[in-house]
Amino acid sequence: MNDVRSQGPGWRRALSTTAIVGGLALVGYAGVLVWQHATAPPVYRYVMGDVVPSAELGPLASLAEQQVSVHRATVMSVDHPTALADLEVAQSASGPVLVKWQARIDDPFLTLLPPPSDMAALAAVLKRHVPKDAVVLAWWDSSRQLQMLSGVNVTFAHHLGTPMFVPSRWQASRSSIKDIERDFWKSGDIAQEQARFERFADALLADEESGIDALRALAGGKAAVLVLHARDTILLGQMAPRKIGVAFKDFGAMGDVHGMVRRVHTWLDENKYPAYTVLQDPGQPVRAVALTDAASAKTLAARLLPFMGNEQQDVAGATLVYQVGGFSVYEIPARTTQADAKADGPRPAKQ
């Protein structure tokens with residue numbers, strides 16, 4: 001069984017043999033960033049299916065109450081009649097929103113998505129507790145679901161489609177893949193929002209002090225609610241392997257707990273990974289996610305997520321207020337005066 005990793009400076013489904021090293025994608029079956037300039041025929045297409053009955057929406061049943069229809073869909077290969085992924089898409093006022101994703105081939109394929117149960121539980125809490133004048137900072141796909149489910153004010157409301165995990169054999173079709181994604185998700189003009197999202201990712205990859213300051217700037221002077229999921233570190237590792245090293249490996253079902261723990265720790269010890277976390281989606285294999293080096297463990301994202309073995313001291317300027325599944329939620333107050341800055345307390349000494 002192989003692990004997938006990205007190596008920087010210094011949480012579960014069947015997976016591919018992929019490595020991202022020093023900013024270059026070394027390709028296995030799935031795991032190459034989509035580049036910008038090439039032409040080739042389309043390699044896959046989205047096929048819309050029937051509406052999911054409200055009784056089958058499970059944790060997303062509130063969408064039926066909002067009169068939001070959810071359709072099944074399939075990603076089909078163009079070369080042969082093979083289904084590559086199953087998904088569910090909510091038809092919201094802001095366009096189609098991905099709410100469920102299951103790759104049929106090696107995972108990750110195209111995208112990774114937090115489980116609906118985590119998302120629904122978090123949305124219910126945010127709906128009750130987030131002030132209307134606060135802004136929610138979260139990964140763009142999480143943001144779109146949270147906005148639809150809870151009505152919170154999010155910074156990223158469009159389908160940005162980054163990063164993507166694309167099979168190496170499709171490299172020549174990178175331009176058509178962008179067209180497929182843009183047409184299906186009706187992205188529109190996303191250049192400005194894409195630039196803001198890159199600032200968000202950069203903030204998560206920065207040191208604590210710089211990262212918190214950058215998130216405050218993105219919030220535009222408003223109080224912010226920062227929402228992170230453990231899988232976000234995998235996406236950051238795909239986007240910026242030189243800034244954060246992330247490896248992950250699937251270990252099967254959680255039957256023998258003690259045996260699972262031993263296998264995870266053997267993997268960590270063999271690779272000398274300093275910190276890790278474990279995710280378990282309902283019905284999916286246990287996935288261990290590791291930080292590959294000490295420098296990666298010092299990024300803001302790594303410090304704010306519950307990585308065992310990592311430093312546990314609080315991050316100045318961010319207050320943990322809620323956790324569910326792989327999600328961690330922080331309040332970041334707006335800093336407008338010197339007095340506000342002092343209220344944050346002293347910054348921890350940099351190592």
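Predicted model: local features only at pLDDT ≥ 70, side-chain atom pairs only at ≥ 80, totals over all residues.
Four strands build an open sheet in the order S4-S5-S6-S7, and the pairing is antiparallel. On average, and with direction ignored, neighbouring strands here are turned by 30 degrees against each other.

Within this sheet, strand S6 (residues 83–92) and S7 run antiparallel and are joined by 8 bridges. Opposite Val89 stands Leu98 of S7. Helix H4 (residues 174–185) packs on the sheet and touches S4, S6 and S7. The direction of H4 makes about 20 degrees with that of S4.

Arg72 and Asp50 form a salt bridge in which the closest N and O atoms are 3.3 Å apart. Since Arg72 lies in strand S5 (residues 70–77) and Asp50 in strand S4 (residues 44–51), the pair ties together parts that are 22 residues apart in sequence. For the model, the count comes to 12 salt bridges, where a side-chain nitrogen of Lys or Arg must lie within 4 Å of a carboxyl oxygen of Asp or Glu.

In the loop between helix H1 (62–65) and S5 is Gln67. The phi angle of Gln67 is near 65 degrees, a positive value in a residue other than glycine. Pro108 is placed in the loop between S7 and helix H2 (116–129). The peptide bond leading from Asp107 to Pro108 is cis, and its omega is near 10 degrees. A cis peptide bond also runs from Thr162 to Pro163, with omega near -5 degrees. Pro163 is found in the loop between helix H3 (140–150) and H4.

The helices can now be taken in pairs. Two packed helices are described by the angle between their axes and the distance between the axes. For H2 and H3, the axes come within 9 Å and cross at roughly 55 degrees. H2 and H3 are therefore oblique to each other, and their crossing is right-handed. On the H2 side, the residues in contact are Met119, Leu122, Ala123, Leu126 and Lys127, which meet Ser142, Gln145, Leu146, Leu149 and Ser150 in H3.

Helix H5 (residues 191–205) and helix H6 (residues 208–218) form another packed pair, with an angle of about 155 degrees and axes 8 Å apart. What is the orientation of H5 and H6 to each other? Angles over 145 degrees count as roughly antiparallel, and H5 and H6 are therefore roughly antiparallel to each other. H5 passes H6 in a left-handed crossing. From H5, Arg196, Arg199, Phe200 and Ala203 meet Gly211, Ala214, Leu215, Ala217 and Leu218 of H6. The residues of the contact between H5 and H6 comprise 6 nonpolar, 1 polar and 2 charged.

There remains a further sheet. It is open, has 4 strands in the order S8-S9-S14-S13, and shows mixed pairing. Strand S8 (135–137) and strand S13 (319–324) stand at its edges with a single partner strand each, so one side of each is left without a neighbour in the sheet. Neighbouring strands of this sheet are turned against each other by 25 degrees on average, direction ignored. Strand S9 (residues 224–229) pairs with S8 in the parallel sense, over 3 bridges. Leu137 has Leu226 as its bridge partner in S9.

How values were computed: Residues numbered from 1 in each chain as written. Heavy atoms only, no water. Pairing = 2+ DSSP bridges. Helix = DSSP H or I, 4+ residues; strand = E, 2+ residues; numbered from the N terminus. Axes fitted to C-alpha atoms, helices over the stretch in contact; angles between N-to-C directions. Parallel < 35°, antiparallel > 145°, perpendicular 65-115°, else oblique. Left-handed = near helix turned anticlockwise from the far one by under 90°. Contact = heavy atoms within 4.5 Å. Nonpolar A, V, L, I, M, F, W, Y, C, P; charged D, E, K, R; others polar.
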